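Work through the exercises below with the structure in view. Each task is followed by a solution in steps.

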Amino acid sequence: MPAYSTNMRLQFPILALTLEIITIILFAVFVDYDDGKHGGHGAHNTTHHEEKTEQDPLTLYPMFQDVHVMIFIGFGFLMTFLKRYGFSSVGLNLLLASFALQWGLIMQGLWHLDDGKIKVSVFKMINADFSTATVLISFGAVLGKTSPVQLLIMTILEITIFGINEHLVAEILEANDVGASMIIHAFGAYFGLAVARMLYRPALRNDHENDGSVYHSDLFAMIGTVFLWMFWPSFNSAIAAPGTDQLMAVTNTYFSLAACVLSAYAVSSLVEHKGKLDMVHIQNATLAGGVAVGTCADMNIGPFGAMIIGFVAGIVSTLGFKFLTPILASNLGIQDTCGVHNLHGMPGILGGIAGIVAVALGKKNGSAAMQGAALASSLGFALVGGTITGLIMKLPFWGQPPDQNCFDDSIYWEVII
Amino acid sequence: MPAYSTNMRLQFPILALTLEIITIILFAVFVDYDDGKHGGHGAHNTTHHEEKTEQDPLTLYPMFQDVHVMIFIGFGFLMTFLKRYGFSSVGLNLLLASFALQWGLIMQGLWHLDDGKIKVSVFKMINADFSTATVLISFGAVLGKTSPVQLLIMTILEITIFGINEHLVAEILEANDVGASMIIHAFGAYFGLAVARMLYRPALRNDHENDGSVYHSDLFAMIGTVFLWMFWPSFNSAIAAPGTDQLMAVTNTYFSLAACVLSAYAVSSLVEHKGKLDMVHIQNATLAGGVAVGTCADMNIGPFGAMIIGFVAGIVSTLGFKFLTPILASNLGIQDTCGVHNLHGMPGILGGIAGIVAVALGKKNGSAAMQGAALASSLGFALVGGTITGLIMKLPFWGQPPDQNCFDDSIYWEVII
Amino acid sequence: MPAYSTNMRLQFPILALTLEIITIILFAVFVDYDDGKHGGHGAHNTTHHEEKTEQDPLTLYPMFQDVHVMIFIGFGFLMTFLKRYGFSSVGLNLLLASFALQWGLIMQGLWHLDDGKIKVSVFKMINADFSTATVLISFGAVLGKTSPVQLLIMTILEITIFGINEHLVAEILEANDVGASMIIHAFGAYFGLAVARMLYRPALRNDHENDGSVYHSDLFAMIGTVFLWMFWPSFNSAIAAPGTDQLMAVTNTYFSLAACVLSAYAVSSLVEHKGKLDMVHIQNATLAGGVAVGTCADMNIGPFGAMIIGFVAGIVSTLGFKFLTPILASNLGIQDTCGVHNLHGMPGILGGIAGIVAVALGKKNGSAAMQGAALASSLGFALVGGTITGLIMKLPFWGQPPDQNCFDDSIYWEVII
């Protein structure tokens, strides 16, 4: 790679300030407080049950805060496993998510204007946080190999494309995806993998000195894992219909995750040297049950059905880390730093397929064909959008790190050694 | 100790997968969603006020999540104080709790079938999380000296025995124990101490190199301490009667814990070299107020009464760490790694006694004799159950670590040095 | 500094135990449970809308727990950035806050007795937690240079003075300050800075070996930062009027903080060497938006208005860290360890001024003059109170650390190296 400057001075501050000023202007024009009076959705019933906020505008607030913790602590610390990239992991996570939630509110809200305004409710804040999740998943795929400027560009484009696909899936196809296995997890993962493919660095084929963990960095990562694991029932149920549907989404996710832990630990021990457990698997594959049960979370699949989904997801995810990730890197040129393919990609597809089957079996009103179309749409937008985004990010003047400085905070942060 | 194999390959995966598959089958037969219609408890009023869930099935959900954080972050990180055992502490905590909550749901639910089914409500999830606490307390007593296989065996047996004692205390004796000083804390502690006695290792009488903390491991442990401390009011009030009783349980626990911090710090400084504070005391004894006020939490003892209980608990617990733990280890052969006797054992008994006194003084409806019987029952089941469980765990083919590899992650985990 | 003893034995335990015993006696006399029946506020409507607790005493409980996490995890871990002062940061934070919440409940409650009693509701617990925040902010200014005994003395005095100023601002001036930009943030900061001025140590003018971070201590600090950042909407809305006002406070804070992150990152990169980001800025200045929007949080300033406040706060705060803190230390003798002037001081004043402007523009009922008087009162009480408190803390027998042992846990804690 040629020696382009990684000095962010001017380029990064100007981009960040400009984006924020544009966003504030857009907010001044389009965004207002929710006044509790919803009108205008008209012909079709709102599928997201937004009207519940009419009664008490803060009913969903505790679930919002759980999702908030997943986004900022969960994703942020999960990525601190790298020995010299903790500042970037938790710090750039904060930066990207802060911008993404503002941008996401607009990109999602423009499809649902109410008297020409996006009226901010807790429900809309949850959706804004959700939209950031796609970016943070993709961030995991390119972690350590991208500059803050590149990542801000990815954020703008990915959120915009996410908004289009989400509108298509929820409003046009009217598909079920309450926990967003398809529109967030599979979308975010394959978008990120497409970007990673475009940014392929042959020099990183051999192990990079900093592309690994140390003892304490793995413990920091477990903070992220456990908060994600605990609050996932809120993620999958936050926008479910109030009452028994929402309780069902909580219950299914709770048990899917519990079953997933057992299978992830078992398979980790089974495939590793001397039956030992591998922190990479434990940090990630234990969460696959939350991803995979997402689409079906509010469907009447039975607690045991949710557990089967989680059980399978834990196996698939762990095997993916062990066998598939090295193949993707060496044969397909997809260097997936955090293994998002195993945590979000395959379990997301598994969730989409489970949703098709469950709808076909009548566990929820809907059309199996539309569920399938939703999955295909999410994958299609992700792969095409990610490829185009990756090509833009590849342009050589975004301050990307040289190969030898990948996975190293000190290139973008003041670090005292 | 003879050189049995610690290689977990096959034994651990087979056990974990088998347990999970059996559990899924049991769930398929016995477990269903809560439909909001409760019937069948019949003659006696439900003492746990489960009927509140009829109005809004997610009323208790924020408290459930607080308890969830205590179980997975609180207990998990509290045990990361050991310098080389952090992966096991937070990782095996996740494994055991994930299995325990599934097993606990069944072991508790079988006593209360509704049309032949266990109907999962948030209330039942809280109780499932509660049942895991007993195992995690016992885990603290044997931390560093047991294999994952041994710990899974302990989980199965302890939860089963807990379910019997809990049914006896709550339904037959009709004793008060809203914050579970007796049925969780005292039970879990003495069960674990009985197991530890059975697994006594003479070679560990002299200090083991890894049986201690380093600077950063003590900070990780404080994450656990502080989350336990903050959310303890939720633990003690989650299953209280809605309304003023529940508020009383929150209030009493809040002030008991605050008073406990002052006395724990004071006594720590008083008994240590040059008046310095000891992290072991701060990490643990500051929580004793939450344990000790548990039984009385929803009783009209006055905020100052709760503070007296917390104040005494902080003193007793700190003195226990300083003076009693070494005696238990050297004279009775009870090697209590985390000092659960000081955090859960003695404060649990203190809580049980406070409950007897409070009921005798008319602070709550009930029988002081039944309160006493509940304490005795909890201790009895714990000591007998723990002894039998310890004997089974002592069988020499469960992959237990040799003495020199105790308190060391690298025997069961891939660790990069 | 003369070689006074830093041995805390006797002095610290006696003080802590005495304070707790006195507090328990005061609780026995003055404090009772909330019974849901509020009377006696009489002529003027309660501005804090306490009556909402009449319906369900635990409605505010999830927000209380968010605030609780900010106090104990947020403030505690934010200060762990120092390489050798983590035990004191999180440990003394727990000690001081535990005492402060008890003392604060009395100092605030005595102004509002109900039948001669302070009746504890969740609302009052939130206010008790709030009062601790002032002490923890001031603690940040003197971090590393004070003994536990000095800090307990500061706690008693600061909370007492806070209670007077809070009563004056809320009840006499009837000023708006829902998120407490003035009465907590500006007050706590300038109180702490006045104390720091009194405790000026010339020998610390040159860099102290321990007055800095290491890689992992900066990551621990980010735990504090992110929890503060996430839950700040709860802090600013917890005591707002239920319904749309409370939602507005959540919304404004959410977007103010998001905008603040972008400007803080941009300016950090702009002013640092080679455009790199500085962890000190990221840990602190990203939170200034929460402080600055506090007074206006429940005012109809529009989401974009909140974002402008946050955007400006992020810039001011970052520039303060870079340029003002060194000047305060070298020219004014104010050694502000955590830079509370930049995080709480200036943004607090900014919030107070924004409140004056917003009230003048009719965004909320009130008097711009009274808003101005509230800001002046808060600064006046802080500076005078802090100066007097600092003089008392300067007395040479409170076990303060010698210059060479500042910023070092091992003087008050058992530390294994």
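**Exercise 1.** State how many helices and strands chain A has.

Solution. Chain A has 13 helices and two strands. Helices (H or I, at least four residues) and strands (E, at least two) are DSSP runs, numbered from the N terminus. The model is predicted: local features need pLDDT of at least 70, side-chain atom pairs count only at pLDDT 80 or more, and totals for chains, interfaces and linings use all residues. Residues are numbered from 1 along each chain as its sequence is written, chains are lettered from A and ligands numbered from 1 in the order in which they are written, and side-chain values use heavy atoms, with hydrogens and water left out.

**Exercise 2.** Compare the radius of gyration of chain A with that of a compact globule.

Solution. The radius is taken over C-alpha atoms, and the globule rule is 2.2 Å times the number of residues to the power 0.38. For 417 residues a compact globule would have a radius near 22 Å; chain A has 20 Å, which agrees. The C-alpha atoms fill a box of roughly 55 × 55 × 35 Å along the principal axes.

**Exercise 3.** Is A:S88 buried or exposed, and which residue does its side chain join in a polar contact?

Solution. First, locate A:S88: helix α3, residues 86-109. Next, apply the cut-offs: buried means under 20% relative accessible area, exposed over 50%, partly exposed in between (1.4 Å probe, protein chains only). A:S88 has 0% relative accessibility, so this residue counts as buried. Buried residues make up 69% of the 417 in chain A. Last, the side chains of A:S88 and A:D409 are joined by a polar contact of 2.6 Å. Such a contact is a pair of N or O atoms within 3.5 Å; within protein, one must be able to donate a hydrogen and the other to accept it, and residues adjacent in sequence count only if both atoms are side-chain atoms.
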